[in-house]
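Please find below a colleague's note on the structure shown here.

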Amino acid sequence: MISHVLPTYNRAPIAFERGEGAWAIATDGTRYLDLGAGIAVNVLGHAHPELVAALTEQAGKIWHVSNLYQIPQQERLADLLVEKTFADTVFFTNSGTEAAELAIKMVRRYWSDAGQPERIEILTFEGAFHGRSTGAIAAAGSEKMTGGFGPLMPGFRALPWGDIAALEAAIGPDTAAVMLEPVQGEGGIRPLSDDDLRRIRALCDQTGALLVLDEVQCGMGRTGRLFAHEYAGIAPDIMMVAKGIGGGFPLGAVLATEKAAKPMVAGTHGSTYGGNPLACAVGAKVMEIVADDAFLAEVNRKAALLRQKLEGLVASHPQVFDSVRGQGLMLGLKCKVAPADLVAAGYRQQILTVPAADDTLRLLPPLNISDEDIAEAVSRLEKAAESLDA
Ligand SMILES: *Cc1c(COP(=O)(O)O)cnc(C)c1O
């Protein structure tokens, strides 16, 4: 008989009752060191006092009103995002998937408004992940996500991952946009080089194609800059953000330049919940803490510490690990064993990690993880690897 919860997940037999910083405490009292952070969501760990205060304070006033009215909390968060990024304007969603949907709609509307409604092709890279809506699975294109859900929304072409020559050959006057993650998350923590990102930006400029960056996973300080594309010194036309932006509260956003967003006039898009006072009060507090040079400098210092320890781990377990990759606190261990086996071995050492494609184990700790917890995490990973050593 089917479970009452639709069984689309293979869940571990662990339930968590509460959390403290980088630790998640299960119903049986077992303390797990959380290097998954709910898949890059809990950027400030569990039960961060300032986030709890922001949430409870707003919860005692008003939760939800509708976008039929002015929402000062939403305006404040938009102000913060515009101040700290390339963007001129922001639309708030509840998830990364919804952000991807709006990004795709914005691209279509842009070309329709420009008198080229037939210009719909969006170029993507294989291994991409943009969510689970019909549009987002069509964009990703993989059989694993699209199987049985056809016919797919037209207008996407996936190129081999990181193949700039293929992009150069494919892009042209019919290309509506290029859409990609600067660091692929689900695809296996695969960063594009700064040079490649600059090349992609230049190709978009030459053809007029819009550059859409999906920073749902790699954004919000995860790579050590507020947004990953900043390393390359480029800016997108449209960007999707979610996961970390709410610190655990469901929240997403599409950031855009005025030029890209101009045709999105009143009535062209909407959301019941998107950007409600409760979500935006929490989101503004996350931004206040994360979009700060001193905070990001600490992320980089911790990232260097974790990475150095992981290089040692890989060197001492060559039968289990191949290499370390990623940027900042978005790190991947390329494995020679099945990543799912390592995740399971991790549970036995009370550490939470996340598998990804391309034989990669993802480490996505809270950005404020302590040095002691970093050392503890690597020692637990060491024990997990030992248990798998042939
Ligand atoms: C998780 C993710 C999404 C989808 O976000 P949801 O909040 O699950 O809808 C989109 N893009 C990337 C890069 C992601 O990692």
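1. Pairing of E16 and E17. In this predicted model, Pro355 stands opposite Leu361, a residue of strand E17. Strand E16 comprises residues 354-356, runs antiparallel to E17 and is joined to E17 by three bridges. The two strands make up a hairpin, with three residues between them.

2. Asp358 lies in the loop between E16 and E17. Its phi is positive, at about 60°, although the residue is not a glycine.

3. Within the pairing, Gly332 has Arg362 of E17 as its bridge partner.

4. Side-chain directions in E17. Strand E17 covers residues 360-363; Thr360 and Arg362 point one way, Leu361 and Leu363 point the other way, and all are buried.

5. Elements that supply the lining. Which elements each give at least two residues to the lining of the second largest pocket? They are helix H3 (72-84), strand E4 (89-93), helix H4 (96-113), strand E12 (252-256) and helix H9 (258-261). The largest share comes from E4, with four residues.

6. First set of annotated positions. An unreviewed UniProt entry places the feature "binding site" at Gly96, Thr97, Phe129, Asp214, Glu215, Val216, Gln217 and Thr272. These positions span 177 residues in sequence, and their farthest two C-alpha atoms are 24.8 Å apart, so they do not all gather at one spot.

7. Second set of annotated positions. The UniProt annotation "binding site", again from an unreviewed entry, covers Arg132 and Ser271. From this set, Ser271 belongs to the lining of the second largest pocket. Ser271 is located in the loop between H9 and helix H10 (277-290). With neighbours within four places in sequence left aside, Ser271 is in contact with Asn67, Phe91, Phe92, Asn94 and Glu98.

8. Thr97 and Arg132. Thr97 is part of helix H4 and is partly exposed, with a relative accessible area of 22%. Arg132 lies in the loop between strand E5 (121-125) and helix H5 (134-140), and counts as exposed at 57% relative accessibility. Beyond neighbours within four places in sequence, Thr97 is in contact with His130, Gly131, Arg132 and Ser133. With the corresponding neighbours set aside, the contacts of Arg132 are Thr97, Ile137 and Met145. Thr97 and Arg132, both annotated in UniProt, are therefore in contact with each other under the 4.5 Å heavy-atom criterion.

9. Val216 and Lys243. Val216 occupies the loop between strand E10 (210-214) and strand E11 (238-241). Its relative accessible area is 9%, and Val216 is buried. Not counting residues up to four places away in sequence, Val216 touches Gly96, Met240, Val241, Ala242, Lys243 and Gly244. One of these, Lys243, is found in the loop between E11 and E12. Lys243 has phi near 30°, a positive value in a residue other than glycine.

10. Two prolines in loops. Which peptide bond is cis? The bond from Gly150 to Pro151 is cis, and its omega is near -5°. Pro151 sits in the loop between helix H6 (143-146) and strand E6 (156-159). Pro318 lies in the loop between helix H11 (293-316) and strand E13 (321-327), and is partly exposed, with a relative accessible area of 44%. Pro318 and Lys336 are 18 residues apart in sequence, and their C-alpha atoms are 8.3 Å apart in space.

Key:
Residues are numbered from 1 along each chain as its sequence is written. This is a predicted model: local features need pLDDT of at least 70, side-chain atom pairs count only at pLDDT 80 or more; totals for chains, interfaces and linings use all residues. Side-chain values use heavy atoms; hydrogens and water are left out. UniProt positions are given in the numbering used here, feature names are shortened, and annotations may be inferred rather than shown by experiment. Buried means under 20% relative accessible area, exposed over 50%, partly exposed in between (1.4 Å probe, protein chains only). Two strands pair if DSSP finds at least two bridges between them. On a 1 Å grid over the protein atoms alone, a cavity is a set of points where a 1.4 Å probe fits but cannot get out, and a pocket is an open set with protein on both sides within 12 Å along at least five of seven lines; lining residues have an atom within 4 Å of a point.
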